[in-house]
Amino acid sequence: INIGGTSVFAGDDSGTMWSVSTLSFSGTNKLWSYHDAAGAAIRSSSYYDLSTNTVMYGTEAGTVFALDSTGAALTGYPYSIGASSDSVRSAVLYLSGVLVVGTTTGKLQFIDRRNGTTGPALIRAYNFGPTESVSGVAYDGNTSRFMVSTSSASAKDGRLYYFDAVTDPTPGSP
């Protein structure tokens with residue numbers, strides 16, 4: 001669940017993202033809903049960006065969505081970040097045109113969310129290994145770095161990585 005302005009955003013196991021008004025909150029009082037045609041479960045937290053009025057999230061099928069304020073998908077979405085086994089369970093992060101997505105199979109991608117009018121485009125990708133899972137992504141404004149945590153059930157460890165800020169190669173197209 002993510003709260004954006006006067007909306008609560010919540011995804012479900014059938015692949016539907018819901019926008020419900022906080023002013024008249026009830027299970028049947030939705031503002032809009034968007035259903036993934038593939039029906040992939042949404043198990044990641046959504047990320048709402050107030051400046052662009054969009055909600056972004058990942059699915060169990062390795063796809064990322066970016067929806068506008070009416071619940072319509074932005075051009076080029078859903079965007080596949082790899083194989084259908086590359087589940088996105090950690091929250092995605094959006095910062096100044098760049099969408100950061102991690103998977104349960106150890107992949108991390110920095111994506112230009114809106115490459116002009118053509119939709120999303122990969123900027124940079126990292127692979128921590130198939131036994132690693134990206135647990136979280138954050139941004140430290142003091143150091144201008146992304147912080148990425150990973151964990152491995154088989155190795156019974158967790159790690160924290162720092163990546164220098166990645167800038168939007170197409171500024172002006174959020």
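The legends below describe close-up views of a predicted model.

View 1. Once neighbours within four places in sequence are left aside, the residues in contact with Ser87 are Thr59, Glu60, Gly62, Gly102, Thr103 and Thr104.

View 2. Among the six salt bridges of the structure is the one in which the side chains of Arg89 and Glu60 meet, at 2.8 Å from N to O. Arg89 belongs to the loop between β8 and β9 and Glu60 to the loop between β6 (54-58) and β7, so this pair ties together parts that are 29 residues apart in sequence. The two partners fall into separate accessibility classes: Arg89 is partly exposed, with a relative accessible area of 46%, whereas Glu60, at 14% relative accessibility, counts as buried. Another salt bridge is formed where the side chains of Asp86 and Lys107 meet, at 3.0 Å from N to O; Asp86 lies in the loop between β8 and β9 and Lys107 in strand β11 (residues 107-112), so parts that are 21 residues apart in sequence are tied together by this pair. Here Asp86 counts as buried at 2% relative accessibility, while Lys107 is partly exposed, with a relative accessible area of 25%.

View 3. Arg145 and Asp164 form a salt bridge in which the closest N and O atoms are 3.1 Å apart. This pair links distant parts of the chain, with Arg145 in strand β14 and Asp164 in strand β15, 19 residues apart. Arg145 counts as partly exposed, at 35% relative accessibility.

**View 4. The open sheet of β13, β14 and β15.** Three strands, in the order β13-β14-β15, form an open sheet with antiparallel pairing. The edges are taken by β13 (133-140) and β15, each of which has a single partner strand, so that one side of each is left without a neighbour in the sheet. From one strand to the next, the twist averages 20 degrees. Strands β14 (residues 145-152) and β15 (residues 157-164) run antiparallel and are joined by eight bridges; Val148 stands opposite Tyr161 in β15, and the bridge partner of Ser151 in β15 is Gly158. The hairpin of β14 and β15 has four residues between its strands, and Lys156 takes a positive phi near 55 degrees there.

**View 5. Nonpolar cores and the contacts of Tyr77.** The largest nonpolar core has 13 residues, and those with the most contacts inside it are Met56, Tyr77, Ile81, Val92, Leu99, Val101 and Ile111. Two or more residues of this core come from each of β7 (63-67) and β10 (98-102). A second, separate core of 12 residues includes Val100, Phe110, Val137 and Phe163. Not counting residues up to four places away in sequence, Tyr77 touches Val64, Phe65, Ala66, Leu99, Arg113 and Pro120.

Methods
Residues are numbered from 1 along each chain as its sequence is written. This is a predicted model: local features need pLDDT of at least 70, side-chain atom pairs count only at pLDDT 80 or more; totals for chains, interfaces and linings use all residues. Side-chain values use heavy atoms; hydrogens and water are left out. Contact means heavy atoms within 4.5 Å. A nonpolar core is a set of buried Ala, Val, Leu, Ile, Met, Phe, Trp, Tyr and Cys residues joined through side-chain atoms within 4.5 Å. Buried means under 20% relative accessible area, exposed over 50%, partly exposed in between (1.4 Å probe, protein chains only). Two strands pair if DSSP finds at least two bridges between them. Axes are lines fitted to C-alpha atoms, for helices over the stretch in contact, and angles run from 0 to 180 degrees between N-to-C directions. A salt bridge is a side-chain nitrogen of Lys or Arg within 4 Å of a carboxyl oxygen of Asp or Glu.
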